[in-house]
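I opened this model to look up charge, overall build and a metal site. My entries follow in that order.

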Amino acid sequence: MKASDLFIKALEAEGVEYIFGIPGEENLDLLDSLRKSEKIKLILNRHESAAGFMAATYGRLTGKTGVCLATLGPGATNFVTAAAYAQLGAMPILMITGQKPIKTSKQGQFQIIDVVETMQPITKYARQIVSGNNIASMVREAFRLAEEERPGAVHLELPEDIAAESVDTPLFPKDRIRRPIAEDKAILQAVEMIEAASRPLILIGAGSNRKRTSRILSQFVARMGIPFFSTQMGKGVVDERHPLYLGNAALSANDYVHCAVERSDLIINVGHDVVEKPPFFMRHDGFRVIHVNFSSASVDPVYFPQLEVIGDIGNSMWQIMQKLKPQEKWDFTYHAKVKTWAEELLRADENDDGFPVKPPHLVAAVREVMPDNGIIALDNGVYKIWFALNYPAHAPNTVLLDNALATMGAGLPSAMAALLVNPDEKVMAICGDGGFMMNSQELLTAVRLGMNLVVIVLRDDAYGMIKWKQRAGGFENWGLDYNNPDFVKLAESYGAFGHRVESAKDLVPLMSKCLHAEGVHLIEIPVDYSENHKLLDDDFVCPL
Ligand SMILES: Cc1ncc(C[n+]2csc(CCOP(=O)(O)OP(=O)(O)O)c2C)c(N)n1
Ligand SMILES: [Mg+2]
């Protein structure tokens with residue numbers, strides 16, 4: 001068999017459904033083998049970073065490795081941001097890149113950089129395949145590593161001459177490995193600590209959204225009556241309409257929810273690791289923390305849990321729930337007060353229908369039009385914080401944001417991947433005018449794929465997030481304003497539908513119409529960011 005055929009067979013055996021990417025001449029053997037596959041579909045992108053972001057989001061949502069393909073040199077370097085996105089965000093991806101022949105080559109160093117070395121520090125595994133007979137084992141190993149906790153990025157380089165070789169090796173069967181579970185003593189210690197606490201609090205982080213922990217965590221909260229809050233990437237694991245939901249730790253300190261955090265004496269931290277922006281700062285004389293996760297906590301000046309319960313998160317919480325008895329002395333009166341107070345403050349500006357649109361009004365309008373299982377995929381900009389705080393997620397993985405690499409340019413591709421994985425759900429990409437322009441060309445891919453997708457572009461004619469920080473840091477307003485294309489015409493020239501919001505009253509009917517229509521709909525929404533400074537207002541006083 002030809003080595004590239006074996007490579008595709010190995011991917012098929014792993015259950016691969018899509019390969020996202022842009023082939024170069026060094027991938028032509030593999031491309032031809034892919035042409036013959038009945039199981040794997042090629043999604044041809046317009047930039048490799050978008051292919052990588054799509055593969056990563058596929059991995060994030062399915063737990064199965066998303067696969068992307070690029071050529072050597074420039075194609076491979078365009079994967080670097082996506083590799084970092086997947087690696088930090090714990091999303092399983094395999095990047096396949098081509099290379100010139102390695103046995104003999106007549107091209108000098110043209111386009112050659114050491115791609116494997118480049119990928120090494122931002123992947124779990126990066127290897128050049130030096131013999132076709134290694135393909136089957138290396139593909140298996142790559143998938144195993146990408147998917148195993150903590151998931152991340154892996155890379156295989158398939159040189160042209162190796163791809164064309166004849167090989168004779170069997171595939172390696174995909175084995176199902178049960179995840180290890182936490183040790184009894186750790187569970188007992190956790191139970192003791194929670195029972196001894198007076199005001200325990202649950203934090204739900206990214207790891208809880210990776211695996212199906214929603215049911216057990218919802219049961220835990222219901223049976224124990226312990227209030228919870230979420231990190232940005234932990235949104236939706238437990239329905240945020242729950243009466244015990246206290247809010248989102250969109251910032252590290254001085255969010256409303258931190259009033260409750262600071263009055264707690266124990267945080268049961270389920271699935272958060274230090275890759276996300278810290279949801280709180282630990283102090284040596286402050287509350288204690290139980291770290292419940294698949295892997296142990298890396299020591300960090302603001303995160304040094306006193307107890308670690310390591311193993312499958314769902315199982316750990318189930319084991320703790322079997323032994324833990326709700327305590328009469330647990331006192332959540334203050335937490336309840338914080339919830340009422342914070343919700344009033346958060347909701348206060350929702351009805352402000354000034355134009356350009358104010359963020360709280362925008363967030364409320366999006367929530368109003370999105371069904372419970374509808375998915376919003378956010379790019380990176382200041383609106384992300386408003387959504388984290390003000391948008392109650394109703395179901396797991398329905399708010400896709402990147403609080404790990406926090407790159408711009410991933411919003412649209414991740415929305416597109418979410419739609420491939422959930423073809424029957426309503427999906428909306430929410431981007432700033434800066435972030436949208438970093439991967440706007442993928443509108444063409446969405447149109448070509450016949451997607452029904454809504455893309456919101458928030459226009460402030462600036463890198464608003466940095467303006468916000470600039471102002472907060474006491475700097476002069478300088479160097480962050482720009483011009484924009486006519487987004488309506490841009491959308492139309494790509495074969496999408498373009499709309500522009502002219503008054504806040506248009507928002508709900510227009511978004512709703514677009515969500516229920518066919519095709520790709522771009523909606524330009526002028527935004528008024530003059531109240532962003534409120535997000536960093538640390539002069540609020542926590543309720544007594
Ligand atoms: C690739 C990349 N470049 C730069 C940054 C730093 N950065 C974070 S947000 C931001 C501005 C985002 O502007 P925009 O997309 O227009 O959103 P806005 O905040 O204006 O709503 C920048 C430059 C980043 N996170 N990622
Ligand atoms: Mg902007």
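I started with charge: the 54 positive and 68 negative charges of the protein have mean positions 4 Å apart. I counted Lys and Arg as positive and Asp and Glu as negative, leaving out His and the chain ends. I placed each charge at NZ of Lys, CZ of Arg, CG of Asp or CD of Glu.

This is a predicted model, where local features need pLDDT of at least 70 and side-chain atom pairs count only at pLDDT 80 or more, while totals for chains, interfaces and linings use all residues. Residues are numbered from 1 along each chain as its sequence is written, chains are lettered from A and ligands numbered from 1 in the order in which they are written, and side-chain values use heavy atoms, without hydrogens and water.

Next, the build. I found 22 helices and 18 strands (DSSP runs: H or I of at least four residues, E of at least two, numbered from the N terminus). Buried residues make up 58% of the 544 (buried is under 20% relative accessible area, with a 1.4 Å probe and protein chains only). The C-alpha atoms fill a box of roughly 75 × 60 × 45 Å along the principal axes.

Last, the metal. Which residues coordinate the magnesium ion (ligand 2)? Asp433 (OD), Asp460 (OD) and Ala462 (O) do, at 2.0 to 2.2 Å (donors are N, O and S atoms within 2.8 Å of the metal, 3.2 Å for Na, K and Ca; water is not among the atoms, so sites may look incomplete). Asp433 lies in helix α18 and Asp460 in the loop between β16 and α20, so the pair ties together parts 27 residues apart in sequence.

Key
Buried < 20%, exposed > 50% of the residue type's maximum accessible area, 1.4 Å probe, protein only.
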